[in-house]
Amino acid sequence: QIGQKIKVSEQICYALKNMKCPYDLQPFQLQGLDVNNIFPVVQWLIKFVYEQDLKDKNTIDKLPLKSE
């Protein structure tokens, strides 16, 4: 149980680093529900997802339409 929680926390932190999250969240902060350190990451993540959605929409808008 605890081993699985540690592994998931480590994977989340690794994924955030790969996404170039500007905040250095540590697994123990997730496990301890350290709101002061988690909240800015959640804010950044929401902004990141929103911006990615806009980029995807712009890419789709630039695709040529197929006429059938």
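Tutor: A residue is called buried when its relative accessible area is under 20%, exposed when that area is over 50%, and partly exposed in between, using a 1.4 Å probe and counting protein chains only. By that criterion, 18% of the 68 residues of the protein are buried. This is a predicted model, in which local features need pLDDT of at least 70 and side-chain atom pairs count only at pLDDT 80 or more, while totals for chains, interfaces and linings use all residues. Residues are numbered from 1 along each chain as its sequence is written, and side-chain values use heavy atoms, with hydrogens and water left out.

The protein has three helices and zero strands, where helices are DSSP runs of H or I with at least four residues, strands are runs of E with at least two, and numbering starts at the N terminus. Its radius of gyration, taken over C-alpha atoms, is 17 Å, well over the 11 Å that the globule rule (2.2 Å times the number of residues to the power 0.38) gives for 68 residues, so the protein is more spread out than a compact globule. Along its principal axes, the C-alpha trace spans about 55 × 25 × 15 Å.

Now to the part you asked about. A nonpolar core is a set of buried Ala, Val, Leu, Ile, Met, Phe, Trp, Tyr and Cys residues joined through side-chain atoms within 4.5 Å. The largest one here has eight residues, namely Cys13, Leu16, Cys21, Leu25, Leu30, Ile38, Val41 and Trp44. Two elements, α1 and α3 (35-62), each give two or more residues to this core, and the largest share, three residues, comes from α3. In soluble globular proteins, nonpolar side chains tend to be buried together.

Helix α3 has 28 residues and reaches 40 Å from its first C-alpha to its last, close to the 40 Å expected at 1.5 Å a residue, the expected span being 1.5 Å times one less than the number of residues. Its buried residues are Ile38, Pro40, Val41 and Trp44, and they pack against α1 and α2.

Ser9 lies in helix α1 and counts as buried because its relative accessibility is 7%; beyond four places in sequence, Ser9 touches Pro27, Leu30 and Gln31, and Leu30 is one of the core residues. Gln29, in helix α2, is likewise buried because its relative accessibility is 9%, and its contacts beyond four places in sequence are Asp24, Asp34, Asn37 and Ile38.

Asp24 in turn sits in the loop between α1 (2-18) and α2 (27-31), and it is exposed because its relative accessible area is 53%. Apart from residues up to four places away, Asp24 touches Lys17 and Gln29, and a polar contact of 3.0 Å joins its side chain to that of Gln26. A polar contact is a pair of N or O atoms within 3.5 Å; within protein, one must be able to donate a hydrogen and the other to accept it, and residues adjacent in sequence count only if both atoms are side-chain atoms.

Methods:
Contact = heavy atoms within 4.5 Å.
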